[in-house]
Amino acid sequence: MFWRVSIGIAAAQLSYRRRQTIVSTLGVALGVGFFVATSALMSGSEQDMVRRLLDNAPHITIKDEFRAAAPQPVFMAFPEGAVTLSSTKPREYLRGIKNHGAKVEELSQQPGVIAEAALMGQAIVRYASKDASAGIAGIDPEKERFLTTIEDNMREGSLMRLKTSSQGMVIGRGMATRLGLGMDDLATVVSPTGLVRRMKVVGIFRTGNLLLDEGQAYMLIKDAQVLLDKPFIANRIRIKIADPDIAEDIAAQLEARWGYRTESWQEVNRDFLGLFVIRNVITYSIVGAIMAVASFGIFNIISTIVMEKRRDIAILMSMGFRAADIQWIFLVQGVFVGLIGMVLGWGIGLVLLQMLGSVEINVPGLMDTQRLPLAIGFFQFGIGGLFAVSSAVAAAWFPARKAAQVRPVDIIRGAT
Amino acid sequence: MNATAGEVPVIELRGVTRILQEAVPVTLVRDIDLSIRRGEFVSVTGPSGSGKSSLLYLLGLLDLPTKGHVFIDGEDTSGYSVDKLAEVRLAKLGFVFQFHFLLPEFTVLHNVTLPMQRLGRLDDDEIHARGMALLKDFEIDDQAKKRPDQLSGGQRQRVAVARALANDPAVILADEPTGNLDMRNSEIVQGIFADLAAKQGRTVIAVTHDKDFADAAPRNVHLVDGRIDSDTRR
Ligand SMILES: Nc1ncnc2c1ncn2[C@@H]1O[C@H](COP(=O)(O)OP(=O)(O)OP(=O)(O)O)[C@@H](O)[C@H]1O
Ligand SMILES: [Mg+2]
């Protein structure tokens, strides 16, 4: 019963101060609205970027390297012995992944897994007396289509033409422009060991990634093996799996099993993923700041009401209202402002999302216009609402306590 | 009704002293022994600053004595918690001050029904009916829907009396209820208080400067310098 009385008094006091109440409610609403919008944008762009990361590179790459240098034989022979050995160099071995064919075969058996043996190396591409150093990727075009987005980014020719033309290669638009190479031109490719071959440009891609566009050349793995003088060798196994989230675990399993350094996309992009954490911290800090300002608004209005209403508080107490009843009256006011601010904020958030969603971005060089990536979920609305109500209650808490501490006789003594 | 109500005083002060602990301590009232029987109409008079209001706050459990004890219905209130004191005020006591102290956000009727809603003994319909009945008693039922600032001073004070009566308290404590009113309204309010005592059998304790008002009461307590100077019955 007295709950209703407290709520009734709270509502009456707020509606009596309509303008101030509206202003502080709008403060909360703006905080919630901006949170919903920025949060949707932030997690949208995060998802977008992660998707790009996943599309542009294999989920897992097995390399012909080891994480730690191989132990010296003497240490293996005398594991307990007090042996020191100085100025040693790790044993050189013939680079390449042993039995890569069998490994790729085995991996490909798994449902949803695409595995490709590849040979990576360096070479110089020369044309019309101009040089460009290039990363050579010897690949299998059939599988490369599923591993990366190179095929989708082809501007001329195609990756598939590697299979039909002998000694073909696919290069980026940047390199093509720099060397003045066009489709079907014959360029000279010089390997580090001095081998020289003439290769035909059968495709030109443009990804927007400068490193690839200016410095990567794709060719069939057997052409790369000849060029780099590594017959039958592959130094990478590149893998795509059904669920990229478990790539880290699978990479660790493969590394434990075969010993080769096996990198998941998460490991390679660790710094990048760390950035998302920082971005989230920034988002929440800014929204926290907005909500703090909104809280000050609520604190302000309720403190003002408490100050102005000291006489009314005293009279309510003299009538027999308890301190707790009085505290409720003002806490309820905070809850009102928080809840109404929350609902209005959701509305503002929806409007902002509508506006953000209709923004069109024209990236030079890309044909299709882009839209802002938005991830709209209950999560943002829930967290935003929680922010609003909890900060409103926190802001109301202090003045409410102050109101409860009023001693009615002090006020009445002063007033009469 | 308690069979012994006649003998046990409604309110009794024993050796009550109230000192305000300021930079220089101020003694508001000193060594007060006062016993008020059920149904008595007592006027409290005295020069300005003699401690009349202070005495009323002690009688009404709004203020606590520095020394001595306050008994309500024979029960010592010394050990009562703040909440318990509020409960006693809610159910047994009704205050009327010199300024009406009505809540400006609420209608006249709602001001009167607030204490009943807080007490929660009646349901909504009964509360509404009792509120209207109280307003009718004081001939302001036509003002029920208005807000206090739309009423005259005399009407407001009548609303304040109606509110004090809301929970049917045994005791009405009034601090210069006519102090702010003109002659005519003053007479109306005086009449109301006389009726509360004479016709409804309530205990009425009224501080007043008004000679006529004081004389209308069968008992008068006169304060000087925080002490009872005289306590006369007619
Ligand atoms: N807040 C206060 N601080 C210090 N002294 C006070 C305070 N309130 C009252 N007093 C003093 O206490 C004494 C009693 O005051 P009280 O209000 O009870 O007198 P009163 O008889 O009601 O006077 P009045 O007829 O003017 O209302 C006075 O001397 C007054 O100056
Ligand atoms: Mg006084």
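Trainee: What distance apart do the C-alpha centres of domain 1 of chain A and domain 2 of chain A lie?

Mentor: They lie 55 Å apart. In chain A, domain 1 covers 2-54 + 272-415 and domain 2 covers 61-78 + 95-240, with bounds from an automatic or database domain assignment. This is a predicted model, where local features need pLDDT of at least 70, side-chain atom pairs count only at pLDDT 80 or more, and totals for chains, interfaces and linings use all residues. Residues are numbered from 1 along each chain as its sequence is written, chains are lettered from A and ligands numbered from 1 in the order in which they are written, and side-chain values use heavy atoms, leaving out hydrogens and water.

Trainee: Let's turn to the ligand. Where does ligand 1 lie, and which residues come nearest?

Mentor: Ligand 1 sits between chains A and B. A residue is near if one of its heavy atoms lies within 4 Å. Of the 14 residues around ligand 1, the nearest are Ser48(B), Gly49(B), Lys52(B), Ser53(B) and Ser54(B). In chain B, β2 (26-36) and α1 (52-59) each supply at least two residues of this shell, and α1(B) gives the largest share, three residues.

Trainee: How many helices and strands does chain B have?

Mentor: Chain B has seven helices and ten strands (DSSP runs: H or I of at least four residues, E of at least two). Its radius of gyration is 17 Å, close to the 17 Å from the globule rule for 234 residues, so chain B is as compact as a globular protein of that length. That radius is taken over C-alpha atoms, and the rule is 2.2 Å times the number of residues to the power 0.38.

Trainee: Is Ile72(B) buried or exposed?

Mentor: Ile72(B), in strand β4 (residues 67-72) of chain B, is buried, with a relative accessible area of 6%. Buried means under 20%, exposed over 50%, and partly exposed in between (1.4 Å probe, protein chains only). Buried residues make up 52% of the 234 residues in chain B.
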